[in-house]
Structures are given as structure tokens and as C-alpha cells.
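Here's a quick tour in questions and answers. Keep the picture beside you as you read.

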Amino acid sequence: AEYSKMVAGYEEALEILRSTGSAADECAVLFALANDALQRKGDFQKAIDYLNRALFISRSKSYKNGEADALLQLGAFYRLFDDNRKALDFYEQSVAVIKSIAPLTVLSILKQASALNNIGNLYRGVNEDQNITDYLTAKPAADRQKAIEYYSQALKIYRNVKTKGHRRGFTGEAETLLNIGNTHKELGNFAESLVHLTPSLTLFK
């Protein structure tokens with residue numbers, strides 16, 4: 001009953017926002033509904049429906065930041081439910097949209113780096129916590145090399161952000177170096193692995 005009341009309140013707010021609010025306001029409500037549907041009710045399809053509504057609104061109103069956020073969340077949700085092909089497609093779309101935003105903000109650039117890291121994780125077969133997700137099918141070396149390519153793109157962004165003094169640049173660099181180092185270790189490239197793991201550990205201190 002409490003959840004139904006909350007949803008009704010959100011839907012009422014959306015009705016008002018359609019005529020008086022911005023696309024950003026509408027998307028914020030829809031993102032909240034999507035997260036609640038998944039976390040509180042475990043309703044994956046309902047969550048996807050809310051995100052698709054946010055995506056439609058963002059595209060119809062040329063709200064690029066909302067479009068990128070909706071695509072990122074769709075990628076994350078499909079990844080959570082092991083539909084890696086759809087997750088990859090949405091992550092790649094999000095990167096393309098973010099690149100088209102002008103002028104690019106630090107926040108947008110960081111979202112791009114996050115998406116690139118997520119794509120790397122998909123190719124490598126791990127989740128964001130570095131836990132192996134593809135137990136039954138070991139990832140081929142070509143996929144791990146592809147992961148390194150995406151991680152390297154993310155690393156370049158984080159290092160650029162770091163030069164501007166943004167804290168996320170430091171933590172992002174450390175996490176991405178760890179990703180690259182571990183991937184090289186999985187490929188048996190132990191010397192190259194240390195090249196990336198050593199500075200990662202230094203940044204984490």
C-alpha cells in the first residue's frame with residue numbers, strides 16, 4: 001500500500017511536470033521510480049519501462065544529459081540481469097551521446113569514463129566489484145584485449161580530469177589502473193600487470 005501511494009504521488013508529479021517542468025525534472029522522477037521498482041519490488045520490467053519513458057522524453061526534448069543517463073541506467077539494469085548484449089549496446093549508445101554534448105562538463109566526461117569502464121568489464125567478464133560473472137564461458141584473450149582498450153580510454157579521461165584537481169580523477173585513475181593490471185595478469189602478462197598495479201596501489205593509499 002505504501003509503495004502504491006508513493007508511485008501514485010510520483011505519477012501525479014509527472015502529470016504536473018509535463019506542462020510546467022523541464023525534461024530534467026521529469027527524468028529525475030522517472031529514474032527514482034525505476035530504482036524503486038527494482039529495489040523495493042524486484043520488478044525488472046517495470047523499471048525498464050520507466051527508463052524507456054525517460055529515454056523517450058529526453059530524446060523528444062533534445063535533453064542530451066538525460067538521454068545519456070537513461071542509456072547508462074538501462075545498461076546497468078540489463079547487466080544486472082545478465083543480458084550482456086543489450087547492456088553493451090546501451091553503454092555504447094551512452095558514450096556516443098555524451099561525446100555529442102557541447103560544451104562537455106566534467107560530470108559528463110566522468111560519465112563517459114564510467115561507461116567505458118563498464119564496457120571493459122563486460123568484455124572481461126567481471127562486474128563492477130571485479131567478481132567473475134561468466135563462470136561457464138572463460139573469456140578469450142581477444143575479449144580481454146578489447147577490455148584493455150576500453151579501460152585505456154577511460155584512464156585517459158580520468159587522468160585529464162585529475163589535472164583539473166577533481167577528486168574523482170584520482171580515484172577513477174586508481175580503479176582503472178587496477179582493471180588494466182588485473183586484465184594483464186589474467187592474460188599472463190605479469191610484467192605489464194605490475195606496471196599498472198603498482199601506481200594503482202600508490203593512488204589508493
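Q: Are helix 6 and helix 7 roughly parallel or roughly antiparallel to each other?
A: In this predicted model, the axes of helix 6 (residues 106-124) and helix 7 (residues 141-163) come within 8 Å and cross at roughly 160 degrees. Axes here are lines fitted to C-alpha atoms, for helices over the stretch in contact, with angles from 0 to 180 degrees between N-to-C directions. Under 35 degrees counts as roughly parallel, over 145 as roughly antiparallel, 65 to 115 as roughly perpendicular and the rest as oblique. So helix 6 and helix 7 are roughly antiparallel.

Q: How do the residues in the contact of helix 6 with helix 7 divide by class?
A: Ala, Val, Leu, Ile, Met, Phe, Trp, Tyr, Cys and Pro count as nonpolar, Asp, Glu, Lys and Arg as charged, and the others, Gly among them, as polar. Contact means heavy atoms within 4.5 Å. For helix 6 with helix 7, the residues of the contact come out as 14 nonpolar, 6 polar and 4 charged.

Q: At what angle do helix 3 and helix 4 pack?
A: Helix 3 covers residues 44-60 and helix 4 covers residues 64-80, and their axes are 8 Å apart. Helix 3 is roughly antiparallel to helix 4 because of their packing angle, which is about 160 degrees.

Q: Which residues of helix 4 make the contact with helix 3?
A: From helix 3, the contact takes in Phe 44, Ala 47, Ile 48, Leu 51, Asn 52, Ala 54, Leu 55, Ser 58 and Arg 59. By class, this contact has 11 nonpolar, 4 polar and 2 charged residues. On the helix 4 side you'll find Gly 66, Glu 67, Ala 70, Leu 71, Gln 73, Leu 74, Phe 77 and Tyr 78.

Q: Where is Ser 62, and is Ser 62 buried or exposed?
A: Look in the loop between helix 3 and helix 4. Ser 62 has a positive phi of about 55 degrees although it is not a glycine. Buried means under 20% relative accessible area, exposed over 50%, partly exposed in between (1.4 Å probe, protein chains only). Ser 62 has 62% relative accessibility, so it counts as exposed.

Q: What is the phi of Asp 82?
A: Asp 82 sits in the loop between helix 4 and helix 5, and it is exposed, with a relative accessible area of 57%. Most residues other than glycine have a negative phi. Asp 82 is not a glycine, yet its phi is positive, about 65 degrees.

Q: Is the peptide bond from Ala 102 to Pro 103 cis or trans?
A: Pro 103 is in the loop between helix 5 (84-99) and helix 6. Omega for the bond from Ala 102 is near -5 degrees, and the bond is cis.

Q: How many helices does the protein chain have?
A: Helices (H or I, at least four residues) and strands (E, at least two) are DSSP runs, numbered from the N terminus. The protein chain has 0 strands, and its helix count is 9.

Q: What share of the protein chain's residues is buried?
A: Residues are numbered from 1 along each chain as its sequence is written; side-chain values use heavy atoms, with hydrogens and water left out. Local features need pLDDT of at least 70 and side-chain atom pairs 80 or more, while totals for chains, interfaces and linings use all residues. Of the 205 residues in the protein chain, the buried share is 45%.
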